[in-house]
Amino acid sequence: MMRKLAREIASRKQAEQLLEQKSLELFQANQRLEVAIAQLEKTSADNIVKLEFQQQIDSLLIYFGQAFLNHHLDDVLIGNLVKRIVETPLVQSCYIQLNRDLLLNLQKSGYGNSELEKSVDDTHWNEQTLYLVLTANRTRIGVLSVEVLNENYELEFFQRSFQLVADLLCGAVNRQIIIDTNIESRKKAEKSEQATRDFVAMINHELRTPLNGLLGSSELLQQTSLDNHQLELVNNLSQSGEFLRVIINDLLDFSKINAGMFELIPSNFAFSHLLSSLTSIFEPKATEKSLKFSILCSQSLPKAFEGDLERITQILVNLIGNAIKFTDSGSVTVRFDWSKGTLNFEVEDTGIGISQKAQEKLFQPFTQEDRSSKRNFEGTGLGLAICHQLVELMGGTLSLNSVIDKGTRFFGHIPLRALTESEAKPAVTKNAKAQALPDNLSILVVEDIKMNQLIINQMLGKLGIEPDIKENGVEALEAIETKQYDLVFMDCRMPVMDGFEATAKMRAAGFTQPILALTASTTLAERELCIESGMNDILTKPYRAEEISNALAKWLLDTFSN
């Protein structure tokens with residue numbers, strides 16, 4: 001019994017020891033489990049905070065990416081960016097510093113907590129603060145400073161996120177610099193373009209105005225009694241004046257085309273009018289050189305067109321004039337035909353021809369095959385360049401074939417709208433009508449330059465008209481209050497009151513008779529201004545006596561016949 005009891009006691013003690021050991025192991029396991037659970041909970045919480053942080057950074061990038069694209073970069077926008085960064089979890093404070101010399105319209109250079117302001121040359125951490133250098137076009141433009149909470153998060157995690165913010169801001173700054181630079185460049189270009197336009201308009205006026213006096217005086221002199229020597233001198237004066245007119249017109253046209261001021265002025269015209277002009281200009285010149293001059297027209301040609309008759313005439317006059325100038329014997333032939341909405345023309349001569357090398361640059365300005373002081377033919381070298389540009393402005397093409405000592409052929413193609421003959425404006429070259437003008441016409445001339453006053457006074461005197469002459473718009477307004485006038489010739493640019501203002505005030509005062517502009521400007525803008533102010537028609541300086549009489553016939557004969 002005793003041995004049995006001893007064995008039981010030993011077994012019980014052994015069981016108690018085993019239980020005690022298992023209890024200790026269980027306790028230790030529970031302890032490890034609690035630590036593991038605590039660590040897991042902490043890791044989960046950290047991950048949730050990091051996820052929330054990343055989500056807000058992503059949202060910030062999307063929002064400000066759109067904002068920077070859609071709005072001008074300003075102080076409010078940058079301030080809002082700093083505010084959103086600070087509202088992000090794990091961020092204590094933020095500061096954005098931009099260089100003061102940036103070409104941005106910003107009122108300040110620092111945004112956010114200025115305690116973080118620091119000039120650095122490289123990206124780095126200083127304890128809890130990340131300094132990110134901002135660059136644009138490889139140039140330092142500022143610093144983004146961000147202070148984060150010390151929660152033992154890895155610093156690379158923060159740096160990756162805020163580097164994206166820094167890149168976004170750098171892109172916005174660079175984009176705004178480009179925009180502001182382009183705006184400034186455009187303003188300078190517009191200012192320069194306007195200065196060029198003003199200069200061309202001024203030169204246009206200053207050159208044409210004295211030319212009007214020169215050509216008008218020579219025309220009036222030719223109509224007086226002269227001996228042979230005087231007539232020869234006047235003819236020389238007239239030819240020199242005409243040559244000067246061509247040079248001035250070419251230079252001004254070239255300047256206007258290059259300044260973007262050139263405008264086509266389309267109108268309806270009869271093709272017969274173009275043919276009669278070319279015939280009257282070139283038949284005498286061809287006869288003088290004993291050349292055969294002919295114009296051949298296809299049966300397909302419409303009777304009338306819509307286009308810029310003045311510029312089409314200028315192109316053909318230049319080409320035909322060159323053909324006659326460079327042809328000593330033989331012929332000059334002009335051909336016209338019509339196909340698929342295009343006026344096709346050829347100008348062929350049997351002249352000296354043009355070398356292949358010269359042909360390659362013939363349409364360049366100021367280009368002539370022979371530029372030496374011994375050359376036989378004068379000119380600026382602008383005529384063909386302007387012809388080429390005019391044809392291209394009309395949507396057409398101009399080309400040539402030429403063989404030395406055999407001749408040259410120019411080919412032109414200009415798109416035009418065909419019209420019926422009844423749609424075309426009749427040519428106003430009716431001197432017979434001018435002879436039939438009523439007696440005692442009352443004409444007012446408003447012109448400030450004495451020479452031009454003398455010219456138009458004598459031109460009207462040839463028609464039996466003694467005009468009243470005033471020097472500015474103020475005098476013109478006073479004149480219509482005291483006398484009834486049948487027609488007014490109005491200069492546009494005058495001191496005291498210009499022709500535009502004077503015309504508008506005359507119309508407002510109830511004056512209904514025709515007012516015709518006398519202007520040295522050939523720009524479409526000034527022509528439109530003439531019409532808008534109340535003028536009925538435009539005479540461009542230098543004008544001829546024939547143009548004065550035609551204008552009177554156009555605007556007064558119908559009135560008096562009614």
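**Close-ups of a predicted model**

**View 1. Thr-88, a buried residue.** Thr-88 is tucked away from the surface: with a relative accessible area of 3%, Thr-88 counts as buried, because the cut-off for that word is under 20%. Keep in mind that what you're looking at is a predicted model. To find Thr-88, go to the loop that links α2 (75–86) to β1 (91–98).

**View 2. What surrounds Thr-88.** Which backbone oxygen does the side chain of Thr-88 reach? It's the one belonging to Arg-84, at 3.0 Å. Leaving aside residues up to four places away in sequence, Thr-88 also touches Phe-53, Gln-56 and Ile-57.

**View 3. Helices α4 and α8 packed together.** To describe two packed helices, you give the angle between their axes and the distance between the axes. Here, α4 (residues 228–258) and α8 (residues 383–393) pack at about 45°, and their axes are 10 Å apart. That angle makes α4 and α8 oblique to each other, and their crossing is left-handed.

**View 4. Who meets whom between α4 and α8.** On the α4 side you'll spot Asp-250, Asp-253, Phe-254, Ile-257 and Asn-258, and they meet Gly-383, Ile-386 and Gln-389 of α8. Sort the residues of this contact by type and you get three nonpolar, three polar and two charged.

**View 5. Stepping back to the chain.** The chain holds 14 helices and 18 strands. Of its 562 residues, 42% are buried, and Thr-88 is one of the buried ones. Now take the contacts with a separation of 6 or more: 68% of them are between residues 24 or more positions apart.

Technical notes: Residues are numbered from 1 along each chain as its sequence is written. This is a predicted model: local features need pLDDT of at least 70, side-chain atom pairs count only at pLDDT 80 or more; totals for chains, interfaces and linings use all residues. Side-chain values use heavy atoms; hydrogens and water are left out. Helices (H or I, at least four residues) and strands (E, at least two) are DSSP runs, numbered from the N terminus. Buried means under 20% relative accessible area, exposed over 50%, partly exposed in between (1.4 Å probe, protein chains only). A polar contact is a pair of N or O atoms within 3.5 Å; within protein, one must be able to donate a hydrogen and the other to accept it, and residues adjacent in sequence count only if both atoms are side-chain atoms. Contact means heavy atoms within 4.5 Å. Axes are lines fitted to C-alpha atoms, for helices over the stretch in contact, and angles run from 0 to 180 degrees between N-to-C directions. Angles under 35 degrees count as roughly parallel, over 145 as roughly antiparallel, 65 to 115 as roughly perpendicular and the rest as oblique. A crossing is left-handed if the near helix is turned anticlockwise from the far one by less than a right angle, and right-handed if clockwise. Ala, Val, Leu, Ile, Met, Phe, Trp, Tyr, Cys and Pro count as nonpolar, Asp, Glu, Lys and Arg as charged, and the others, Gly among them, as polar.
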